[in-house]
Amino acid sequence: MKSAMVAREIKIMNEILHPNVVQVFETFRESSTVYIFMELCTGGELSMAIAEAGRLGEEQAANVTSQMLSAVQYLQAENICH
């Protein structure tokens with residue numbers, strides 16, 4: 001059962017293609033380990049950026065919110081639970 005659930009999650013991750021969702025490039029299994037090669041995101045954590053800056057400016061907050069909502073809308077349109 002667990003193996004089937006992991007395989008299903010990997011299948012879903014491989015099918016997602018959106019500029020605001022991290023892309024999976026390749027996956028492979030070795031014994032009981034699954035390796036997932038994903039897009040490198042170098043921007044850091046949003047929460048850390050907010051903590052360091054104290055707050056986001058209105059334009060920055062609008063941009064980040066727009067990107068997140070675009071990704072959620074895409075996932076919902078694909079019937080993917082987020």
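**Close-up views of a predicted model**

**View 1. His 18 lies in the loop between α1 and β1, where its side chain makes a polar contact with the side chain of Ser 70.** The structure is a predicted model, in which local features need pLDDT of at least 70 and side-chain atom pairs count only at pLDDT 80 or more, whereas totals for chains, interfaces and linings use all residues. Residues are numbered from 1 along each chain as its sequence is written, and side-chain values use heavy atoms, with hydrogens and water left out. Helices (H or I, at least four residues) and strands (E, at least two) are DSSP runs, numbered from the N terminus. The polar contact between His 18 and Ser 70 is 3.0 Å; such a contact is a pair of N or O atoms within 3.5 Å, where within protein one must be able to donate a hydrogen and the other to accept it, and residues adjacent in sequence count only if both atoms are side-chain atoms. His 18 counts as buried because its relative accessibility is 14% (buried means under 20% relative accessible area, exposed over 50%, and partly exposed in between, with a 1.4 Å probe and protein chains only). Not counting residues up to four places away in sequence, His 18 touches Ser 70, Ala 71 and Tyr 74, contact meaning heavy atoms within 4.5 Å.

**View 2. Lys 11 and Glu 15 are joined through their side chains by a salt bridge of 2.6 Å, N to O.** A salt bridge is a side-chain nitrogen of Lys or Arg within 4 Å of a carboxyl oxygen of Asp or Glu, and by this rule the count comes to one. Both residues belong to helix α1 (residues 2-15), where they are four residues apart, about one turn of the helix. Side chains of opposite charge can pair when their charged atoms come close.

**View 3. A nonpolar patch on the surface is formed by Phe 25, Phe 28, Tyr 35 and Phe 37, with about 400 Å² of accessible area together.** The elements that give two or more residues to this patch are β1 (24-30) and β2 (33-38). Patches are made of residues with over 30% relative accessible area and no salt bridge, with like charges joined within 9 Å and nonpolar side chains (Val, Leu, Ile, Met, Phe, Trp, Tyr) within 5 Å; the areas come from the Shrake-Rupley method with a 1.4 Å probe, and for residues only the protein chains shown count as cover. Phe 37, in strand β2, counts as partly exposed because its relative accessibility is 43%. In the loop between β1 and β2 lies Ser 31, a residue other than glycine whose phi is positive, near 55°; Ser 31 counts as exposed, at 72% relative accessibility.

View 4. Ile 50, which is found in helix α2, counts as partly exposed at 31% relative accessibility. When residues up to four places away in sequence are not counted, Ile 50 touches Arg 55 and Leu 56, while its C-alpha atom is separated by 9.8 Å from that of Ala 61, 11 residues apart along the chain. Gly 54, which follows α2, has a positive phi near 90°.
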